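Good morning, and thank you for coming.

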Amino acid sequence: MTSDGSEQVRASGARDPDALIRRAGVRGDPDRDQHFLVDDRVVDRIPTYLPEGTDLSHVLEIGGGPGVLTDRLLEVADRVTVVEQDETFAAHLRREFAEEVEDGRLTVVDGDALEVDLPEFTACVSNLPYGISSEIAFRLLPRGKPLVLMFQKEFGERMAAESGTSEYGRLSVSAQHYGDVHVCEIVPREAFDPQPAVQSAIVRVTPRAPDYEVDDEEFFLDFVKALFTQRRKTIRNGIRNTAHISGLVDPDAVVEAADEDVLRKRAGNMAPSEFAELAQLAADVGL
């Protein structure tokens, strides 16, 4: 605070998180999935986790809240669009960053990020509401843009898990279908106010084409989902038991055509490329 008591930005030029929250006039509510990131050091690092060379001409943020991360994104991006469902926060963002809004560098979109039309963007950096983080992530992943997203620690680690590990599952295969997934940092509960019940993870997704081909992406993802519902079963039994999920018309034909070594495996030990090869076979003979 200055000698006259007014709140100013920090020496670096960035706004103080606690001051932003006070000016927003809203306390975080865990029941509404509101946990505000207040640790300056963590907030400052988040944009630095974007892949080197990322196009920063238009960065998307989901859930701006009091604007702590928004402020940092405006320091590095040419233009920022924030999707904010809470009317109080949306109004606060327009008031707090009035100059940036006037200059066309900040656009605040009112609405639910799962329902509004997302703009074209070059990267997305967000501290996601944890209750809908999975749905939002899989709305963003197919866009093929660099992502730096905050998740619950367990969710982030499952996204990045390798086959053969206990964390590896449908989420791992599905996320890694779209890019290289890396956990950049584990964020302690104390970095938030109010503190969440769990630790968090900052996850980077660097988009890339998969090293395998699938003709029907929707069927591939449904097939992976189906087999992981039977992760303790062999692939042979998983194919036969989950036709109602995968959409297979003739699961027995898939079993008859598949390699015996694959049929003896379990989903947790199947690499994404193996799932893709099996899904392609299943689509050819079982649909």
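Which residues is E84 in contact with, leaving aside its neighbours within four places in sequence? They are G63, G64, G65, F89, A90, L93, V109, D110 and G111, where contact means heavy atoms within 4.5 Å. This is a predicted model, in which local features need pLDDT of at least 70 and side-chain atom pairs pLDDT 80 or more, while totals for chains, interfaces and linings use all residues. Residues are numbered from 1 along each chain as its sequence is written, and side-chain values use heavy atoms, without hydrogens and water.

E84 is found in strand β3, residues 80–84; strands are DSSP runs of E with at least two residues, and helices runs of H or I with at least four, numbered from the N terminus. E84 has a relative accessible area of 6%, so it counts as buried (under 20%, with a 1.4 Å probe and protein chains only).

UniProt, in an unreviewed entry, places the feature "binding site" at H35, L37, G63, E84, D112 and N127; such annotations may be inferred rather than shown by experiment.

L37 lies in strand β1, residues 36–37, and is likewise buried, at 7% relative accessible area. Not counting residues up to four places away in sequence, L37 touches P17, V42, V43, I46, V68, N127, M150, V187, A191 and F192.

Conventions: Buried < 20%, exposed > 50% of the residue type's maximum accessible area, 1.4 Å probe, protein only.
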